[in-house]
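Here is a quick tour for anyone meeting this structure for the first time. Have a look at it, then read on.

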Number of protein chains: 2
Amino acid sequence: MLIRRLTIIGVGLIGGSLARALLQSGAVGEIVGCGRSRENLQRAVELGVIHRYHYDPAEAVAGADLVFLAIPLGAMATTLRQIRPHLASEAILTDGGSVKGSVIADAIAAFGQLPPRLVPGHPIAGTENSGVEASFAELYRNRRVILTPTAATDPAAVATVEQMWRLCGAEVNRMSAEHHDTILAATSHLPHLLAYGLVDTLVGMQQRDEIFRYAAGGFRDFSRIASSNPEMWRDICLANSEALSAVLHRFSANLAQLASAIEQRDGAQLTEVFARAKQARDRYVDGVLRSPE
Amino acid sequence: MLIRRLTIIGVGLIGGSLARALLQSGAVGEIVGCGRSRENLQRAVELGVIHRYHYDPAEAVAGADLVFLAIPLGAMATTLRQIRPHLASEAILTDGGSVKGSVIADAIAAFGQLPPRLVPGHPIAGTENSGVEASFAELYRNRRVILTPTAATDPAAVATVEQMWRLCGAEVNRMSAEHHDTILAATSHLPHLLAYGLVDTLVGMQQRDEIFRYAAGGFRDFSRIASSNPEMWRDICLANSEALSAVLHRFSANLAQLASAIEQRDGAQLTEVFARAKQARDRYVDGVLRSPE
């Protein structure tokens, strides 16, 4: 058995799906849940996703072999401080946060140094739903999980967390936290910011009722991510502000050039940019279709 | 029979689907195609989408009761000049262009005044495919078609075009060309520009291979429209430059505020914008689900 006792702090879509997948694979003995909503935790027990629960993270982590933090980035610092004195010295700590540099900084602040058995992680998976009711064992199947251990991280802890995610059907990759945060700023955080910004721009327009009435399929797809949880995305933007600001700056400069090309009626410049983007996206989609996913 | 002889200039997805829907409804006697690709026109005849074809728009429109222009916006001015001397005085002229002000301006330039039987139109429908092979009779079913007649437009011509689209299963709305162009700049043209701009920004980054490798579902949806035809979108951006520049300017100002909120770590401002956008999009999606679509 890979994990005798697993504590999951935050038993929602991400934490609940990990629990379900590990229970199915027989890799875990007992799962202890922790969270703030009594209703959600009770439901998690009823659904067989966790065996029991605590409201207090300190109590929840006592005796755990592995602790998974599936909580908002804005709650990481406080929760790490709460659990630190109660975590067994051999316990492995990992998380599912969308930004890795901030989790590492929060851990250093809480522990006084980077805990050698902290394995920062990010499963790139999710749906538009939340809460334990939305969780399912297949969420991580054929999805990628990025782990960002440092040179000081215990290799055995990394191997255990990697094995845990493989048992969920995920493909596990390792890279530096800085690299992860740069890549995710570009592919996930900036697109969310643009989708929120676009919808909010349209909301501010005089013709907004008609604008939304005539929006077609392209707009629906493009703006889907603007239906994401606002507090979660505020946390992500703040936690990854440096990398996000950098790619946002590049994008804004690119957009200003497109605006200038439109004003100057420079069709050749527009075609060049559009064609380069189309070629990259078509190649990228082809790449996805060729992948084992 | 609504239309004795229909000429379709540009027998691709848009023109071919109109032909198929009207043939199915029995509303049209003969359909004459026109285009530059012999292969596509031959295929259109084989598929039974058109009865015969010409390469020369002037020959194609002779004797037509109704002419539908399903050509790129950049080709409108030339085509209108070519057909003007050969169009029967009672013939109705309509189009499927994504920008209406530019079509009206091109028509005034070609005809010396706005032709009273020109009914500018825009079916808000499409797929990622093109050519007559991609056309199908159901493309316009439950989709919106916007007509932008002026006070000088012959009401009988508007009624015929409206009836034509209704026979294809579309819901027809009327508004001014200016209004149409403002709304479409916001819901369609700006999103395309942002998607192209984002993908092109990522292409320019050092980490681009990994960026595309780790892009997940949200990015795929968000960037789908960056796979659209570059020349078609160059034409649209140039044809609707005024309205597009205006909404792009609003968006850029909004994005600059978000960038500043991130740099100043103003979480309250981020939450406010994100929540307002989410609320609008959720309400809009609900609205779509409640609609007869």
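## The sheet in chain B

Keep in mind that this is a predicted model.

Now zoom in on one pair of strands. In chain B, β1 (residues 3-9) runs parallel to β4 (residues 66-69), and 4 bridges join the two. Along this pair, Leu6(B) sits opposite Leu66(B) of β4(B).

## Where the two chains meet

Next up is the contact between the chains: 71 residues of chain B touch 72 residues of chain A. On the chain B side, the elements giving two or more residues include α7 (177-203), α11 (241-263) and α12 (267-290) of chain B. The biggest giver is α7(B), with 18 residues. Sorted by class, this side of chain B has 41 nonpolar, 16 polar and 14 charged residues.

## Two domains in chain A

Over in chain A, the domain assignment gives domain 1 (3-175) and domain 2 (180-290). Taken over C-alpha atoms, the centres of domain 1 and domain 2 of chain A are 31 Å apart.

How many residues of domain 1 of chain A are in contact with domain 2 of chain A? There are 14, and they meet 11 residues of domain 2. The domain 1 side of this contact in chain A splits into 5 nonpolar, 7 polar and 2 charged residues.

Key. Residues numbered from 1 in each chain as written. Chains lettered and ligands numbered in written order. Predicted model: local features only at pLDDT ≥ 70, side-chain atom pairs only at ≥ 80, totals over all residues. Contact = placed C-beta atoms within 7 Å. Nonpolar A, V, L, I, M, F, W, Y, C, P; charged D, E, K, R; others polar. Pairing = 2+ DSSP bridges. Domains from an automatic or database assignment.
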